[in-house]
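Work through the exercises below with the sequence and the coordinates at hand, and try each task before reading its solution.

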Amino acid sequence: MNRTIPLILAVALFMENMDSTVIATSLPAIAIDIHTSPIALKLALTAYLVSLAIFIPISGWMADRFGAKTVFRAAIAVFIVGSIACALSGSLPAFVVSRFLQGIGGAMMTPVGRLVLVRATPKSELVAAMSWLTVPALVGPLVGPPVGGFITTYFTWHWIFLINVPIGLVGIWLATRFLPKTEPVQTPPLDFIGFVLSGLAASGVVFGLSVVSLPYLPPIVGVITVAVGLVSGALYLLHARHAKNPLLALELFRNQVFRSSVLGGGLFRIGIGAVPFLLPLMFQIGFGLTPFQSGMITFVSAIGAIGMKFVTALIFRVAGFRRVLVVGSLVAAASIAINGLFTPDTPYLLMLAMLLVGGFIRSMFFTGVNALAYAEVSAEDTSKATPIAAVFQQLSIALGVAVAGGILEVSTSLNDRSLTLADFHTAFFVVAVISAAASLSFMRLAPDAGNAVSGHGRLTTPKTLEAVSTPGN
């Protein structure tokens, strides 16, 4: 496998994933500087998510129309400009607009980067390539809080965004130098009605869930916005049935392998979206730790995510997608539930060990589920599959935060008290059950599903196994 391609893409995606979480730690400092409140400033977080939801569906069409490599580099450039604008913002409206601009770049970077990788990698090597690309999504949310706290404490919050400039410029140069050239292809006209409806649907659900889980606006606003999103989604389904070239090719869901990957993976991501939200809060509110201390504990999960990369391809080759994803989803869900057993008296070494194992398992699961999405998708349909998978990922992560926040809200309201450790334990158990339900989707897969990608069932020599398990393969 050409390791250069996934590494270049992973660097850009890490920049995006870390940036989207690092800001949360720095909200109080930013709020003071731009003369607003941290609660109001959460609109900036929501603006970024809304931007992703609106523009991800159009990413596949853009990649086909202008070339995936060109769009990927342009996305990094837009992200850099948005980062600079964030650092220079002196008011709440300016900061919100800057974050929305960043989101436009991020909406193209993730799905188009994955599209470049899929098109440049033989299916037999896709699991190994995806293992590199999965790391940023798992590491970013975990290292973001401690990095944000360190930069804000010892430097200034502006550097949270300014460090993206050199990283992004290097990413553009590496992409120009090493990524394979991708020519534009003949594309039908943009499905503008589909773009509007899908944008309203995804952004309505994401914004509404964000408002409900982080109530800086009346909860009824979130409920109405989610309703608008659901209605828009229903209208899109009607539109897609009659449109000649719909923006999101929902006919791909007729393929059981693709359907299981997207829906099963989305169900599991509800739990994964909740963990980075719940774990730091539990350590700070329930354990009384500082943000930096809690960040240094959660960081061990990132180490586990990176370490698993070296053996993931071998595991899927030996056991196959169906078996690994069924068992992996259950074990990973159990690793989420274990967080609900932590107390201030739990030895830190035991907690670190559990978080490390959880990082291992989740990394393996996401590598497999991301590769499985393309196992039975033809080369010409990859640009259609990528935005669908990316939209469902964003929606499920937002839903995870909303579910976790909702559980905490309901628990405190019913008991008429402030948050306690027991509330966090309940939230972890509930989201773990939701994540475990993903195994039902993978149980329906055929035993040989995705074998062309995993290599399972083929005659495998010891030499081949050694090559697969070697770091970098």
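Helices here are DSSP runs of H or I with at least four residues, numbered from the N terminus, and the model they are taken from is a predicted one.

**Exercise 1.** Determine in which helix Phe-150 is placed, whether it is buried, partly exposed or exposed, and which nonpolar surface patch it belongs to.

Solution. Begin with the helix: Phe-150 has its place in α6, which spans residues 126-154. Next, take the relative accessibility of Phe-150, which is 41%, so the residue counts as partly exposed, since that class lies between the cut-offs of 20% and 50%.

**Exercise 2.** Describe the surroundings of Ser-26, including its contacts beyond four places in sequence.

Solution. Ser-26 belongs to helix α1, residues 4-33, and because its relative accessibility is 1%, it counts as buried. Leaving out residues up to four places away, Ser-26 touches Gly-148, Thr-152, Trp-157 and Ile-160; with Ile-160 the sequence separation is 134 residues, whereas the C-alpha to C-alpha distance is 8.7 Å.

**Exercise 3.** Classify the relative direction of helices α4 and α8 from the angle at which they pack.

Solution. The axes of α4 (residues 68-88) and α8 (residues 164-178) are 9 Å apart and form an angle of about 170°. The two helices are therefore roughly antiparallel, the cut-off being over 145 degrees. Their contact includes Phe-72, Ile-76 and Ile-80 of α4, and Val-165, Leu-169 and Ile-172 of α8.

Terms used: Residues numbered from 1 in each chain as written. Predicted model: local features only at pLDDT ≥ 70, side-chain atom pairs only at ≥ 80, totals over all residues. Heavy atoms only, no water. Buried < 20%, exposed > 50% of the residue type's maximum accessible area, 1.4 Å probe, protein only. Contact = heavy atoms within 4.5 Å. Axes fitted to C-alpha atoms, helices over the stretch in contact; angles between N-to-C directions. Parallel < 35°, antiparallel > 145°, perpendicular 65-115°, else oblique.
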